[in-house]
Amino acid sequence: MNAQLIATQVLNGLQLGILLFLMSAGLTLVFGIMNFVNLAHGSLYMIGAYLAAAMLNGFDSFALALALAVPATILVGLAVDRIVLAGLYTRDHLDQVLATFGLILIFNELVRFAWGSAPVYINVPPALAGTVELFGFPYPAYRFAIIAVGLAAGLLLYLVINRTRAGMLIRAGAADAEMVGALGVNIRLLNALIFGLGAGLAGLAGVMAGPILSVQPGMGEPVLVLTLVVIVTGGIGSIRGAFYGALIVGLIDTLGRAFLPAVLDALANKALAQAAGPAIASMLIYLLMALVLALRPHGLFPVRVA
């Protein structure tokens, strides 16, 4: 294995981890504070990608499409929260699962009706179509831009959570939501803020993933599964856990798929490696989650309670 291939796959793992962090940060807050099981979070990721594709066709500017698609996804999330989900916060988790699973089906049919069943492709912005030199080798500029945008969003989220009054309420709600409500905080408004924040992060992930993936109905379900693995591994309700858990999952998934078959080939016979290698590689993150649940049921980086 040459050094350039390893470094490229490490960066690809970081890029996947950053996208998963954008998805998991909002969802873990919804789980941790609102105690709400939102399986439709992946649909907001899909909506963000489709809105970006539509706006890119209309304005022919990726930056403008990004600037418009993320707030539009927030508005979609807030509308869904108020119209459909608001009455479910006090209901059983099974009711929440059934309702949000129904939303997945509805959103998938809506995008089929609006854009058709065929994949929609978003071109990489011309300014980011080339490569950049990293550690002496070329790396796609757009993938590096995903890492940069994700880290910037993560820094902004950190400042909001740790340096603002709204962030103080979010952190307090993660520790004890009932006490926050008893102190006179408008829990409904706080829930709307959290849900909108999560929708915006999911929309941002969808917009940034659009040029490297095909935008199609159902694209939210695979990333939702990975997101759930991240928040269980990192710790439900923990932004720090979402960040580190996403990086761990992204690296293990990418490096496992890239190198595990070759490692098995070197350690065992080639036929076994070809047959079992890809299957074992795809299972690595789930094995990691099972190991974490066995050893640290609250995740690797659980919420700190002062």
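This is a predicted model: local features need pLDDT of at least 70, side-chain atom pairs count only at pLDDT 80 or more; totals for chains, interfaces and linings use all residues.
Residues are numbered from 1 along each chain as its sequence is written, and side-chain values use heavy atoms, leaving out hydrogens and water.

## Overall shape

How does the radius of gyration of the chain compare with that of a compact globule? A compact globule of 306 residues would come near 19 Å, and the chain has 20 Å, which agrees. This radius is taken over C-alpha atoms, and the globule rule is 2.2 Å times the number of residues to the power 0.38. Along its principal axes, the C-alpha trace spans about 60 × 50 × 35 Å.

Of the 306 residues, 46% are buried. Here buried means under 20% relative accessible area, exposed means over 50%, and partly exposed lies in between (1.4 Å probe, protein chains only). A contact means heavy atoms within 4.5 Å. Among contacts in the chain with a separation of 6 or more, 79% join residues 24 or more positions apart.

In soluble globular proteins, nonpolar side chains tend to be buried together. A nonpolar core is a set of buried Ala, Val, Leu, Ile, Met, Phe, Trp, Tyr and Cys residues joined through side-chain atoms within 4.5 Å. The largest one here has 69 residues, and Leu20, Tyr45 and Ile194 have the most contacts inside it. A second, separate core has seven residues, including Phe31, Val37, Leu39 and Ile231.

Let's look at Leu20. Leaving aside residues up to four places away in sequence, the residues that Leu20 touches include Val223, Leu226, Val230 and Val249.

## Aromatic pairs

Rings of Phe, Tyr and Trp (its six-membered ring) pair if their centres lie within 6.5 Å; planes under 30 degrees apart are stacked, over 60 edge-to-face, and the rest tilted. This rule gives six aromatic pairs. Phe36 and Tyr89 form an edge-to-face pair, because their ring centres are 5.2 Å apart and their planes meet at 80°. Phe36 sits in the loop between helix H1 (3-34) and helix H2 (41-59), and Tyr89 in the loop between helix H3 (62-85) and helix H4 (93-115), so the pair ties together parts 53 residues apart in sequence. Both Phe36 and Tyr89 are buried.

Tyr244 and Phe301 make a tilted pair, with 5.1 Å from centre to centre and 35° between the planes. Tyr244 is in helix H9 (residues 239-267) and Phe301 is in the segment after helix H10 (270-295), 57 residues apart. Tyr244 counts as partly exposed because its relative accessibility is 38%. Ring pairs also link Phe21, Phe243, Tyr244 and Phe301 into a cluster.

Not counting residues up to four places away in sequence, Asp253 touches Leu16 and Ile285.

Terms used
Helices (H or I, at least four residues) and strands (E, at least two) are DSSP runs, numbered from the N terminus.
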